[in-house]
Amino acid sequence: MRLSASTGFPREEPPASLGGLVGIAERGIYHAAKHGVVGLTKSAGLEYAAKGSRLNAICPGIIETPMVTRMLETQPDAMDALMQGVPMGRLGKAEEIADAC
């Protein structure tokens with residue numbers, strides 16, 4: 001667990017996903033896992049807030065990863081449909097998520 005630069009208290013940003021906030025057909029296992037990360041983060045945040053810890057789940061959209069690359073190759077129609085809902089019109093980059101933390 002890292003320490004917050006501003007308070008010196010522990011902080012954590014577990015990787016969740018947009019998949020922890022929505023559901024999509026044929027992605028049940030993935031979404032169940034990401035919903036679990038979001039729920040655990042909410043509960044742990046409440047438990048540890050009084051001790052000065054800060055927990056925030058990071059829930060990015062579609063990020064350029066090996067999993068997404070495989071999906072682009074094997075499920076182009078499904079990925080096209082998903083990308084229609086991406087305001088920036090492109091995949092996010094891991095560095096962008098890291099910079100936000």
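Student: In what order do the elements run from the N terminus on?
Tutor: From the N terminus on, the order is β-β-α-β-α-α-α, which gives four helices and three strands, where helices (H or I, at least four residues) and strands (E, at least two) are DSSP runs numbered from the N terminus. This is a predicted model, in which local features need pLDDT of at least 70 and side-chain atom pairs count only at pLDDT 80 or more, while totals for chains, interfaces and linings use all residues. Residues are numbered from 1 along each chain as its sequence is written, and side-chain values use heavy atoms, with hydrogens and water left out.

Student: OK, and how much of the protein counts as buried?
Tutor: Of its 101 residues, 27% count as buried, meaning under 20% relative accessible area, with exposed being over 50% and partly exposed in between (1.4 Å probe, protein chains only).

Student: Which residues make up the largest nonpolar core?
Tutor: That core has seven residues, namely Ile62, Val68, Met71, Met79, Met83, Val86 and Leu91, and helix H2 (66–74) and helix H3 (76–83) are the elements that give two or more residues to it. A nonpolar core here is a set of buried Ala, Val, Leu, Ile, Met, Phe, Trp, Tyr and Cys residues joined through side-chain atoms within 4.5 Å.

Student: What does Met83 touch?
Tutor: Leaving aside residues up to four places away in sequence, Met83 touches Ile62, Gly89, Arg90 and Leu91, a contact being heavy atoms within 4.5 Å.

Student: Switching to charges, how many salt bridges does the structure hold?
Tutor: The structure holds two, a salt bridge being a side-chain nitrogen of Lys or Arg within 4 Å of a carboxyl oxygen of Asp or Glu. In one of them the side chains of Lys93 and Glu64 meet at 3.6 Å, N to O. This pair links distant parts of the chain, 29 residues apart, with Lys93 in the loop between H3 and helix H4 (94–100) and Glu64 in the loop between strand S3 (54–55) and H2.

Student: Are those two buried or partly exposed?
Tutor: Lys93 is partly exposed, with a relative accessible area of 38%, and Glu64 is likewise partly exposed, at 44%.

Student: And which side chains meet at 2.6 Å?
Tutor: Those of Glu96 and Arg90, N to O, in a salt bridge; Glu96 counts as partly exposed at 36% relative accessibility, and Arg90 counts as partly exposed at 33%.
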